[in-house]
Amino acid sequence: MTSLLHFGAIVGGVVGSVALAGYVARLVFGSAQLPRLLRRGQEQPAVPAGRPLEQVAADLRRLGAQLARVPAGAPMARRRGLQAAYDDVLTEAARLLEVPHALERVPPGRPRDVERLRLQAALADAGLAVPD
C-alpha cells in the first residue's frame, strides 16, 4: 500500500513539474499572462477616450463641405441639422485638442456664429485644417 502511495506521489510530482515548466515557458515567450493579482504593478495601456483626431477632422471637412453646398431653397431643417452636426464635431475637435470654447453655451444666432468662427480659428492655430 505504501509503495502505491509513493508511486502516486512520484507520478504526481512529474506531471506537476511538466505542467509548471510548460506554464513558465508560455510566460517567458508571451503566450500566457500572470494572474491579475500578481499583475498589479504593471500598468495597463490607456484606452483613448473618443474617436481618433483624424476621423474627427475628416468628419469636420465632410460636414463643412455639405453645409457649404446646401442650396438656397433647401428646407431650414436641413441647414440647421447640418449646422448642429458640424458644431458637435467642432466641439469634439476642441475637446481632443484641449482648445477652450463656449460654443455649446452660446445661443443660436449671430453670437453663436461669431463663437464658431473664433473656435475654427483657434483650432487652425492648434494645427487642425478647418474648412472655411
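This is a predicted model: local features need pLDDT of at least 70, side-chain atom pairs count only at pLDDT 80 or more; totals for chains, interfaces and linings use all residues.
Which residues does Q83 touch, not counting residues up to four places away in sequence? The answer is L67 and R116, where touching, or contact, means heavy atoms within 4.5 Å. Residues are numbered from 1 along each chain as its sequence is written, and side-chain values use heavy atoms, with hydrogens and water left out.

The protein has four helices and zero strands, and reading along the sequence gives the pattern α-α-α-α; helices (H or I, at least four residues) and strands (E, at least two) are DSSP runs, numbered from the N terminus. Of its 132 residues, 27% count as buried, where buried means under 20% relative accessible area, exposed means over 50%, and partly exposed lies in between (1.4 Å probe, protein chains only). The protein exposes about 9800 Å², of which carbon and sulfur atoms supply 63%; accessible areas come from the Shrake-Rupley method with a 1.4 Å probe, and for residues only the protein chains shown count as cover. Among contacts between residues at least 6 apart in sequence, 48% join residues at least 24 apart.

Helix 2 covers residues 53-68, and at 1.5 Å a residue its 16 residues should span 22 Å, which agrees with the 22 Å between its end C-alpha atoms; the expected span is 1.5 Å times one less than the number of residues. The buried residues of helix 2 are V56, A57, D59, L60, L63, G64 and L67. Seen down the axis of helix 2, these buried residues fall within an arc of 160°, so they line one face of the helix, the arc being that of the directions from the helix axis to the C-beta atoms. An α-helix has 3.6 residues a turn, so residues three or four places apart point the same way. The buried residues of helix 2 pack against helix 3, residues 76-97.

Q83 lies in helix 3 and is buried, with a relative accessible area of 18%. The C-alpha atoms of Q83 and G64 are separated by 8.6 Å, although the two residues are 19 residues apart along the chain.

R116 is buried, with a relative accessible area of 9%, and it touches Q83, Y86, D87, L90 and L103, not counting residues up to four places away in sequence. For helix 4 as a whole, 16 residues at 1.5 Å a residue should span 22 Å, and its end C-alpha atoms are 23 Å apart, which agrees. Its buried residues are R112, E115, R116, L119, Q120, A122 and L123. They cover an arc of only 165° around the axis, which puts them on the same side of helix 4. What covers these buried residues includes helix 3, while the face turned away from the buried side carries the exposed residues R110, L117 and D125.

The volume of the largest pocket is about 270 Å³. Here a pocket is an open set of points, on a 1 Å grid over the protein atoms alone, where a 1.4 Å probe fits, with protein on both sides within 12 Å along at least five of seven lines; lining residues have an atom within 4 Å of a point. Grid points are joined across faces, edges and corners, and a volume is the space filled by probe spheres set on the points.

Two backbone details remain. E98, found in the loop between helix 3 and helix 4, has a phi near 55°, a positive value in a residue other than glycine, and at 71% relative accessibility E98 counts as exposed. Just after helix 4, G127 takes a positive phi of about 105°.
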